[in-house]
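The following exercises are to be worked through with the sequence and the model in view. Each task is followed by a solution in steps.

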Amino acid sequence: MEELLKYEALIAIAIGVFLCLFGYRIKKVAFIVIWFIIGYYLASLAMPHITDDQTWQQLAPIGIGILTGMLGFSIEKFCILAVAAFTVSTTIIEAFQMTEIFQIGLAIAAGVIVGCIAVSLIKPLGIITTALSGAKLIAKYSVAQFALAHHPYFLIILCAGAAIGILFQFKNCKHVE
């Protein structure tokens, strides 16, 4: 099982680097990948509460991830809103290790506000959210994979990765619509 977790972490880090650097250029594919991850993550959290069967706990998140990935491909503006809201909310929750419902509600509200702004500023915030999504994957799985302390390494890796990804994408996506 630990072997699988190592491969999962390495795949997640590779996807994170790809999203961080090329997310906007391949935004349709990026939305499929991001929505797959969102569906997979949410289903992974829910499945232990639904069934004790290990097979279903492993297969259902993949199926739900595929369904949400297809959804991400078909409705772009909603996807931008939702990806921005999800990324900002979960980043705030994880970075500050929030556990109280009021704090989580504020993080979700901040994410929704950023998502609404993202729809009106699609290109720059599309670049920022894909870079942040990729940097978040890199930070989350690097901290876990290399047994680093969550604070401050998660925030350092997140900020550095997002900054590199944002600068790289703005430079290389000048003529991409």
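A residue is called buried under 20% relative accessible area, exposed over 50%, and partly exposed in between (1.4 Å probe, protein chains only). The model is predicted, so local features need pLDDT of at least 70 and side-chain atom pairs count only at pLDDT 80 or more, while totals for chains, interfaces and linings use all residues. Residues are numbered from 1 along each chain as its sequence is written, and side-chain values use heavy atoms, with hydrogens and water left out.

**Exercise 1.** Determine where Gln97 lies and whether it is buried, exposed or partly exposed.

Solution. Helices (H or I, at least four residues) and strands (E, at least two) are DSSP runs, numbered from the N terminus. Gln97 is placed in the loop between α4 and α5 (101-120). Its relative accessibility is 47%, and therefore Gln97 counts as partly exposed. Next, consider the backbone: Gln97 has a positive phi of about 45 degrees although it is not a glycine. For comparison, most residues other than glycine have a negative phi.

**Exercise 2.** Which residues does Ser142 touch, not counting residues up to four places away in sequence?

Solution. First, locate Ser142 in helix α6. Its relative accessibility is 9%, so Ser142 counts as buried. Contact means heavy atoms within 4.5 Å. With the sequence neighbours set aside, Ser142 touches Ile13, Ala147, Leu148 and Ile157.

**Exercise 3.** How many salt bridges are there, and which residues does Glu94 pair with?

Solution. A salt bridge requires a side-chain nitrogen of Lys or Arg within 4 Å of a carboxyl oxygen of Asp or Glu. This rule gives 1 salt bridge. Glu94 is paired with Lys136, their closest N and O atoms being 4.0 Å apart. The pair links distant parts of the chain, 42 residues apart: Glu94 is in helix α4 (residues 76-95) and Lys136 in helix α6 (residues 122-145). Both Glu94 and Lys136 are buried.

**Exercise 4.** What span does α4 reach, and what span is expected?

Solution. The expected span of a helix is 1.5 Å times one less than its number of residues. With 20 residues, α4 is expected to span 28 Å. From first C-alpha to last, α4 reaches 27 Å, close to that value.
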